[in-house]
Amino acid sequence: MNPPDLKYSKEHEWVRSESDSVVVMGITEFAQDSLGDVVFVEIPDVDAELTQGEKMGEIESVKAVSDLYSPVSGKVIKRNESLIDNPELVNEGPFEQGWMLEVEIKDCSELDNLLSVEDYNSFLKSGA
Amino acid sequence: MTSLLEKFELNRRKLLMERSSPGRIGTTLLPLDVPESELPDAEILREELEMPEVSEGDLVRYFSQISQFNFSIDHNFYPLGSCTMKYNPKLNDEVASLPGLAQIHPLQPESTVQGAIKLLWELQERLAEITGLAGVSLAPMAGADGELAGMLMARAYHLKRGDTQRKKVLIPDSAHGTNPASAAMAGFDVVSLPSDADGNTDLNALRAAADDELAALMITLPSTLGLFDRNILEVNQIVRDAGGIVYGDGANLNAIVGRVRLGDLGFDVIHSNLHKTFTQPHGGGGPGSGPVIAGDRLVDYLPLPIATRTSADNNEYFSLGTPPNTIGRMGAFHGNFGALVRAYAYISTLGKEGIPKISEDSVINANYILSQLKGYYDLPYDRTCMHEVVFSARNLKRDHGVSALDVSKRLIDYGIHPPTMYFPLIVEEALMIEPTETESKETLDYFIEVMKTIAQEAADNPDVLHNAPQNTPNTRVDEARAARRPNLRWRRES
Amino acid sequence: MSDNDYQSPYTPNTDHDRQQMLEAIGVSSVEELFKDIPEGYTTDSLDLPPALSEPELMAHAQELAASNMVPGDYACFLGAGVYRHHIPAVVRQITGRSEFMTAYTPYQPEVSQGTLQTAYEFQTLVSQLTGMEVANLGMYDGSTSMAEAALMSARITKFDRISIMDTVSPLYREVLDTYAQAPGLKIDTFTSSQTELEEGTACLIVQQPNFFGYMEDMAALSKLAHDNGALLIVSSDPISLAMFKPPGDYDADIVVGEGQPMGVPPTFGGPFVGLFACKQEYIRQMPGRIVGKTVDTKDRTAYVLTLQTREQHIRRERATSNICTAVALIALMSTVYMSSNGKRGMRHVAELCYHKAHYAATLIDALPGYSVKTDETFFQEFVVECPSPPSELNEKLLGYKIIGGLDITAQVPNGMLVCATEVNTRDEIERLAGALAEIGTGK
């Protein structure tokens, strides 16, 4: 269920390496399921600077608001603009069409701070 | 092709602008009895005003029909927890519509509105007596407004004493959302305080947080769990010993009026929701009124205006005054006078004999429901409740996949307004039931029977709950769509 | 007769009912249900007057009411934020319906379509009236709407200065001061002689017509605000909007105002309804309740509270505002007022007010010793410079059964703010002028 080629954070974000210096990120299946119908996504603009572990935006469902935390440090080079008019993409395909940001990272050793799919699955089982 | 019945349905929901036809009007036009003056430059005048054009009859039929889609206290049992949906006496409306009270202008010279200011003063006195506190400001226009006033008063109090480091307000995790919102608007940082397993304030957590950065504790008594905090004296003492202010959210006053006074228990400042405890009609979402009531520590900081009385030679004179260290003005005028009049009428009608009966009967009614539904629904805190009882539908969820939402929606099919659901946040699948004292045993027995039936339906036929309600003009609505593609007003199709 | 004989008409429980329920609960007396109250803190009895019967209460209330001097009985020329207009009978009839009055916030849409659909109507009509894209369900009153608009502009721009014109109501200014103190917003007073705003100004607040009754140069002020990177907030009288170009036409960002003139009696100051409208792009920052249109499971039109994630019950300390209970029934009164008057009626009322006020101004200006500022455009109010203190004039006017205009000596020496609306008859206006003439000359 959770793609094996991704890295995960304890805040239920995923990261996919596109190259040595570029990653794509979003939220996981567990996150979108917990939220329910996503109605609004607030993510940083292109050129924004992100810091691993810090709040970078918010995601809203009908009855809840959750903070989004950046799983990496770096600069935003692309955002999924479709999410503005179609936030339901996050529910429909959290790992594919629901992607949020493409980020140029400075330090790929940061990815070691994230969880592998096995560790993330264990984390979920333990009652994340 | 829409059938005739479908057409009828669609017509019933047509909006004013859709019912309009050029030239129609819903009122008469007063003729001009003075000479016309030259109008200003066309440049600043309005060219086009889009407003409905309907006859008075069409207007009345539309609003009368659409009103039937509402549940209301006058039509339905409405056990919405924490909202105190008690019966609104008709006498109060009669009093409030007396021209001598409804037509007076707030800026008239005081000598011309002595009856009005006297009413305000007497209401202040009554509320102070009922709560056991020193002074009252009737200015705040809703409970949340009263909370904001109380928080600003705490802030002003500490600043005046040079205590600039007190930035923290402690708020129980069961608190109503307005509490942290009000504290934040008053510039404070909000720190959540847990409850213990019995539903009382966790004293250890409180002691740990009660330091010299503590500005205030905001606490609801009884709590939103419907429980009277057994440690309340100690809670208040801990806060006051640490130099903090004890703020009481008076939303649940219905449980204790005439029985125990928040001032006597050590509260420094509270607000009261007149549209809850004191029968100001809820109006579909207001107007309300939220007087803020203070003890000696904070009475000088109350928002203006305060009604005062002076007497000389057997004559009394009433005035609107300003407390010495007031936090200022909450609204342009003197508070929601129309609501204040109704509360005054209600308190006068019940008087010394009737006020204590409110708490007795509301607590009996809630405990009766508790005793009869225990075993059918999970009871997170198995102890005597006050005026409301919080059940959890988690047993139905676990066993039959039926949620608190499903139970609530099914109650509608039986003609009952749902209780408060999913609040307080610390109870899973919460159902907060507040019957109030104005419901008869027969009504409560019907409610109990329906709740038991629903619990059975959950086992036998859960789909009927998932699809509820069926007997209403609309079934469950698509809230996600409303938020994703906001359509907040009618627009003319171009 | 003892206390125990008391039976409230509002509480069905008799001693028999109580007995039955106590048995079912499993306690022998009601005292056991209150055992969690600390020992020694139970109130013995309250020092309140005894219960009143219905006729006794009515008599007492009538006595209180009778000791007030009532506009209608007296000719009244007070405005300054609360205006007397004729209220069509249909307003009270519809809003007095118990289905509207005794319902609460429409949390359960399936049983609240009456409240929700009429709320959507209110949002529509307010948007149309103000010329703005969207409106909410109302704040407590015009002053708190204005204060919340200022806070909203600070959130949007991330600036912390608020600029407010010196011609805005001083009462509204005081409320803004209350709201601004905690967030630490700095308030600058703007006068028409200024040509720019301080750096880091979130908004410029303008009242239209202004506190003194006169129309501001909206085009110029809009340009000034936007050139300085600030939002334009306009506090508008709603009846004036039926006649004058609305703030939406001047690219206002937020429009607020007091809805009381539309269907609500003066009620000694409240409850009223704070109008609040803004540009579509700001809706997520807008405070207050908002109703949206959607569909149900059978694809039928339905209305529902929406964008709730802005509000306190979800966002708690990060909410756009702490507002919960607002003024839904008052908003309904305004909705019925706007619909019954409609396109033609609203314009008609506005024009009547304009002509009445101008007639009054002309008569008073002609009186020796009195001077009225008539060189600027005004709507239903104007400033009179009086030959003697207005407080003294007003006291004497009472003898003529007239409640005079507001004493604004604090802003204008011997200044009186006089208002005339369509409810002031020609006779009343001429009586006012006659009385002022007599009193002014010291007769």
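## Where chain A meets chain C

Five salt bridges (a side-chain nitrogen of Lys or Arg within 4 Å of a carboxyl oxygen of Asp or Glu) are found by the rule across the interface of chain A and chain C. One of them joins the side chains of A:Glu60 and C:Arg284, at 3.9 Å from N to O. S6(A) provides the largest share, four residues.

Contact (heavy atoms within 4.5 Å) links eleven residues of chain A with six of chain C. The two chains bury about 700 Å² between them, 42% of it on carbon and sulfur atoms; this is the accessible area, with a 1.4 Å probe, lost on being put together and summed over both.

## A buried leucine in chain B

Let's turn to B:Leu350, which lies in helix H11 (residues 337-373) of chain B; helices are DSSP runs of H or I, at least four residues. B:Leu350 counts as buried because its relative accessibility is 3%, where buried means under 20% (1.4 Å probe, protein chains only). Leaving aside neighbours within four places in sequence, its contacts include B:Ile358, C:Tyr6 and C:Ala51.

## About the model

This is a predicted model, in which local features need pLDDT of at least 70 and side-chain atom pairs pLDDT 80 or more, while totals for chains, interfaces and linings use all residues. Residues are numbered from 1 along each chain as written, chains are lettered from A and ligands numbered from 1 in written order, and side-chain values use heavy atoms, without hydrogens and water.

Terms used:
Helix = DSSP H or I, 4+ residues; strand = E, 2+ residues; numbered from the N terminus. Buried < 20%, exposed > 50% of the residue type's maximum accessible area, 1.4 Å probe, protein only.
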